[in-house]
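Open the model in your viewer, keep the selection panel at hand, and follow the stops below in order. At each stop, select what is named and then compare the screen with the description.

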Amino acid sequence: MAHSGPMTDWRKARLPVIAFLAPATIIYTLFMIYPLVDSIRLSFYATPSGGEAAFVGLDNYRTVLADPDWAATFWNSFWNNMKFFAVHMLIQNPIGIALAGILSLPRLRFRNSYRTMMIMPTMLSVVIVGFIWQLILSPVWGVGADLLDIIGLKSLFGPWLGKEGSALITLSFISVWQWVGIPLMLIYAALLAIPDDLVDAAVVDGATHFEVFWHIKLPLVFPTVAMVSILTFVGNFNAFDLIYAVKGALAGPNFATDIMGTLFYRTFFGYQLQLGNPHLGATVASLMFLIILAGVLFYLFAVQRRLSRYQL
Amino acid sequence: MSNKVLAKGLAGALAASVALVPMMASAGELVIESWRNDDIDIWNDKIIPAFNEQHPDIKVSFTPTPPTEYNASVNAKLAGGTAGDLITCRPFDASLELYKQGNLTALDDLKGMDNFSDVAKSAWQTDDGSATFCLPMASVIHGFIYNKEAFEEVGVEVPQTSEEFYAALDKIKEEGSYIPMAMGTADQWESATMGFQNIGPNHWKGEAGRKALIDGSAKFTDKPYVDTFTELATWKNYLPDGYEAISYPDAQNLFTLGRAAVYPAGSWDISLFNNQADFAFGAFPPPAPAGSDTCYISDHTDIALGLNAKSDNAAEAKIFLEWMTGSEFAELYSNALPGFFSLSKHNVEITDPVANEFVSWRQECESTIRNSYQILSRGAPNLENELWNLSAQVINGTISPTDAGAGAEAGLAKWYAPHQ
């Protein structure tokens, strides 16, 4: 017998389905998939000076990964990127979770003011954030040294943004300061979705606030934490703006703050007397894409499938 | 009804905007691409109005990009066909490559081109000199600007030799009320441009040493270059605390606020200092070691203007370029921008005393240009970028002068046959 009622007849619904999907598909293909595929295509070509672009197969990849100078630069930027990511994972996200946990306490005064203040830096332009922190940390004009002086630690102050050992970590902290609002917001929203009766039941059983958070709330928001992690990963490996705003594309001192984004920019567009090389630049970009893809696949297959979800 | 009106209005607005876009671009307005964003007022208030007095029908607009982004953005714009009509030319390879790619027009038949000497044109010619593709505008000279009041207060004289120079810096440091030298290494380029290329010519004997590097008879591991790095390494004793994180604008401000005695300068700093410093300042050339019979200065061919080969307004652009070869522009430019010295043969009177001081060194000393610019920055790794990194590291003390020389040489040997 034919179906009746609200069941969809897909043969009749085909046209509307296509019509609804088409705009997004077309726009996404035109502005995301096509440029991505084309930049990968670009990485298989090379242009000799004054000549026409010619297909060179994997030569560009061989240059970037096997030439000693290129490989050193590339892996240096890769490891710097890993450090940048590690600081965000180990500092930004735990702080975000902790702040979200505190904000969702049942009797907290000025909750909205705190929330606004914590999310505020996220809304600032990266260039402004870079500029403000350069001023704060400036050894000439900065308030950083004076603030440390108040608590008697002035001797610890140094030109952190200019030292090889500390420049990248300092920049990572600046980035954490700016972006901590994102994990905070996402996890806070997930925490709010937890029904009160679960918490009430635990409290009746004698659990403290901390125990409620640790044993009840946190396991329930793990899927969100995992999503925040993968967003952090993708965001960090695509990062460029803060480093460029503060240290320029040569990412000094001695490439201590060079990440893959700045390496790509320097290679693709050139810098000062160095002319841009779109083909090698596209190669670096494709390698960035592969690294991010590997990370996301690892997340999808190794992490996401093992997460237990609870129907609340 | 209202929907219909709205729809008609929207359609009208859309049609108007589509029609307006090409009109805006084709109204014969010349667009100048430049990295000199500091000069926007001078172009808008002085140079363009002076041009419009003679050619009121040609509209010109000056659209600069920040210096560090200029090359990348202009290359991308030229490739995408959205660049302005007139392209400010970096010296040597960056512009040569633009010419080879067919982005710049040869200007040899431009009227007034013979107002420029061969040396002036050399930075914007093909290697065989057969085509000139940019109109030379100006050179910049390196030296040291000093705070006259600070020198008087501490009781030091303008140094004549490098021994006197470092003795003076030591004395200023000991006295303690001024930072001896205002510079930082955060932006890296000052270390190379105001440091290495400023004091270097006295070590490598100007043009002789520069040409020797190009033909391969001298190497960065040779004494003159290592000596330059060694001298540079001593600068860290005179720089402000935390110089590793001090940027170029920080250093400029330290000097104009009167907190530093000496500032390693490019002559282009003069106009900013004229505006901001409320004390008298002077300049001296990089002092040579005692007993040297000649002094050498970096008199760098820095800036020129080329014609975008795909310009829709080529005829108007040529009129503008021809006007630029005249004495009026030379006079206007050299005086509106003290510190940029016209490369034309016109006899230009420079009214600014400090700029005049800089240009007077051309008589006493031998001129040369920065040694990394011609030919040597053609390959990868890029010599200019290497010198930025190495010079900053030498001052930071994270690499020895010998290793810095070896590093620069290794980079060059990687791709440049005369050094292999």
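Begin by selecting P253 of chain A, which lies in the loop between α11 (241–247) and α12 (260–269) of chain A. Show the backbone here and look at the peptide bond that runs from G252(A) to P253(A), because in this predicted model that bond is cis, with omega near -5 degrees. Most residues other than glycine have a negative phi, and most peptide bonds are trans.

Stay in chain A and move to F110(A), which is found in the loop between α3 (68–103) and α4 (111–123) of chain A. Phi of F110(A) is near 55 degrees, a positive value in a residue that is not glycine.

Next, colour chain A by pLDDT. The mean for chain A is 90, and 96% of its residues reach 70 or more.

Now select residues 78–301 of chain A, the stretch that the unreviewed UniProt entry annotates as "domain: ABC transmembrane type-1". This span is 72% helix and 2% strand, and its end C-alpha atoms lie 23 Å apart. The unreviewed UniProt entry also places the feature "transmembrane region" at several stretches of chain A, among them residues 214–237 and 280–302. Select residues 214–237 of chain A and you will find 100% helix and 0% strand, with the end C-alpha atoms 30 Å apart. Residues 280–302 of chain A are likewise 100% helix and 0% strand, and the end C-alpha atoms of this span lie 32 Å apart.

Turn to the place where the chains meet, a contact that takes 34 residues from chain B and 28 residues from chain A. On the side of chain B that touches chain A, the elements that each supply at least two residues are α3 (67–80), α4 (93–100), α11 (248–256) and α16 of chain B. The largest share of that side, seven residues, comes from α16(B). By class, the residues of the side of chain B that touches chain A divide into twelve nonpolar, 13 polar and nine charged.

The peptide bond from A380(B) to P381(B) is cis, with omega near 0 degrees.

Then select helix α8 (residues 189–204) of chain B together with helix α16 (residues 383–396) of chain B, whose axes are 7 Å apart and which pack at an angle of about 85 degrees. The helices α8(B) and α16(B) are therefore roughly perpendicular to each other. In this contact, α8(B) contributes W189(B), S191(B), A192(B), G195(B) and F196(B), while α16(B) contributes L387(B), W388(B), S391(B), A392(B) and I395(B). Seven of the residues in the contact of α8(B) with α16(B) are nonpolar, three are polar and none is charged.

Finally, colour chain B by its two domains, domain 1 (22–139 + 301–354) and domain 2 (141–299 + 367–419). The C-alpha centres of domain 1 and domain 2 of chain B lie 29 Å apart, and twelve residues of domain 1 of chain B are in contact with 16 residues of domain 2 of chain B. The side of domain 1 of chain B that touches domain 2 of chain B has seven nonpolar, three polar and two charged residues.

Terms used: Residues numbered from 1 in each chain as written. Chains lettered and ligands numbered in written order. Predicted model: local features only at pLDDT ≥ 70, side-chain atom pairs only at ≥ 80, totals over all residues. Axes fitted to C-alpha atoms, helices over the stretch in contact; angles between N-to-C directions. Helix = DSSP H or I, 4+ residues; strand = E, 2+ residues; numbered from the N terminus. Parallel < 35°, antiparallel > 145°, perpendicular 65-115°, else oblique. Contact = placed C-beta atoms within 7 Å. Nonpolar A, V, L, I, M, F, W, Y, C, P; charged D, E, K, R; others polar. UniProt positions renumbered as here; feature names shortened; annotations may be inferred. pLDDT = per-residue confidence, 0-100. Domains from an automatic or database assignment.
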